[in-house]
Amino acid sequence: MKKPLTTETQRHRGFLCFALLCVLCVSAVNPVSAKEAAPLAQDEAVEKRMVTITEELRCLVCQNESLAASRADLAQDLRREIREQIGQGKSDKEILDFMVGRYGDFVRYRPPLKGTTLLLWFGPFALLLAGVAGLVIILRRRARRVAPANLSAEEQKKAEELLKLGESELKP
Amino acid sequence: MTRFLLPLGIFIVLVAFLAIGLNLNPREVPSPLIGKPAPAFSLPRLHQPEAKFAPQDMQGKVWLLNVWASWCVSCRQEHPILVELAKTGLVPIVGLNYKDQRADALKWLDRFGDPYTLSIVDAEGRVGIDYGVYGVPETYLIDKAGAIRFKQIGPVTQDVLEKTILPLVAELNK
């Protein structure tokens, strides 16, 4: 026999409430174990700084994700590492250097400006400039090629008549 | 004629750039550790947890540090190559068992063969972070002075072994 769906969900909810209550009881009785789970992650200031730093860093396992957003195992380890370094009072720069020293400039979404990254930083602008220059050259050449037409007096008159005719036809 | 040659030229250059770019492996990020001293550590050994191993123990030898794990699928791919390499005795291989369970790791070695002079346990992956490990398996070639000379990201293939690793080992052993 099938039970109606509503009682099913109600039972479900009841169970969830019960489970939640159990969890709450356990954590109330033994608050130490809850603290041990993530000691530094609970410090809001540390967490905030960790997130600002890791948002600037690439997760090398899933390269399109930041270290802050990635759920990869390595990303979790690195977040733990960075939390600990914040706890040790390291500056943002020291933490960045730690990461770059191990994984290279590639971990930074904004790599530093230096010899090997010049093309990366200025390549797009160079391409844009080349494009604009090419466009200007082409437009100038075209302007030169289309020489002003030398009309005789008769042709001029005919042209004006035609223009007038066109205008009168356009009027409602 | 130049009217057509110029766009064609630009197009060919573009295609060449794309062809090169698409054939590069984005997962192979050059390691900043090449040429630098191998980061120090002291880790318990897999078979004798009470004994420890540090890179200094290999001072004066050219050796390979191979990062592996029983959960790592591509490790299985390179494993027969390492087992064969160990048989030749050309270069000692130290295994860094990365974020693994000891029992699983031992079982894995029993099943597929143990090419390692010794294996060490990096259960939390902290040494892995120091070595810039981001995709197991990874293999480091370390020289007599303890500097990293080469890093293979991903499985060691026969090709890489014969064309890069072994010639480099021979050169460093001179």
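**Exercise 1. Against which helices of chain A do the buried residues of α3(A) pack?**

Before starting, note that this is a predicted model, in which local features need pLDDT of at least 70 and side-chain atom pairs count only at pLDDT 80 or more, while totals for chains, interfaces and linings use all residues. Residues are numbered from 1 along each chain as its sequence is written, and chains are lettered from A and ligands numbered from 1 in the order in which they are written.

*Solution.* Chain A contains seven helices and zero strands, where helices (H or I, at least four residues) and strands (E, at least two) are DSSP runs, numbered from the N terminus. Helix α3 of chain A covers residues 44–54.

Step two is to find its buried residues, which are A:M50, A:I53 and A:T54. A residue is called buried if 20 or more other C-beta atoms lie within 10 Å of its own, exposed if 12 or fewer, and partly exposed in between, with the C-beta atoms placed from the backbone. Seen down the axis of α3(A), the buried residues fall within an arc of 90°, so they line one face of the helix; the arc is that of the directions from the helix axis to the C-beta atoms. An α-helix has 3.6 residues a turn, so residues three or four places apart point the same way.

Step three gives the answer: the buried residues of α3(A) pack against α4 and α5 of chain A, contact being counted when the C-beta atoms of two residues, placed from the backbone, lie within 7 Å. On the face turned away from the buried side of α3(A) one finds the exposed residues A:E44, A:A45, A:K48 and A:T52.

**Exercise 2. Work out the order of the strands in the open sheet of chain B, and name its edge strands.**

*Solution.* Five strands of chain B make up this open sheet, in the order β5-β4-β3-β6-β7, and their pairing is mixed. Two strands are said to pair if DSSP finds at least two bridges between them. At the edges are β5 (118–122) and β7 (148–153) of chain B, each of which pairs on one side only.

Now follow the pairs. β4(B) and β5(B) pair in the parallel sense over five bridges, and B:V94 has B:L118 in β5(B) as its bridge partner. β3(B) and β4(B) run parallel and are joined by five bridges, with B:N66 standing opposite B:G95 in β4(B). The chain passes from β3(B) through helix α2 (residues 73–88) of chain B to β4(B), in a β-α-β crossover that is right-handed, which is to say that, with the strands pointing away from the viewer, the path from the first strand over the helix to the second runs clockwise. β3(B) and β6(B), by contrast, pair in the antiparallel sense over five bridges, and here B:L64 stands opposite B:L141 in β6(B).

**Exercise 3. Explain why strand β3 of chain B is described as largely enclosed.**

*Solution.* The strand covers residues 63–68, and six of its six residues are buried, so β3(B) is largely enclosed by the rest of the structure. Next, consider the directions: B:W63, B:L65 and B:V67 point one way from β3(B), whereas B:L64, B:N66 and B:W68 point the other way. In a regular strand the side chains alternate between the two faces of the sheet.

**Exercise 4. Which backbone features are found at B:K99 and at B:P137?**

*Solution.* For B:K99, phi is near 45°, a positive value in a residue other than glycine. B:K99 lies in the loop between β4 (93–98) and α3 (102–112) of chain B, and this residue is buried, with 20 other C-beta atoms within 10 Å. For B:P137, a cis peptide bond joins this residue to B:V136, and omega is about 0°. B:P137 is in the loop between α4 (126–130) and β6 (138–142) of chain B. As background, most residues other than glycine have a negative phi, and most peptide bonds are trans.
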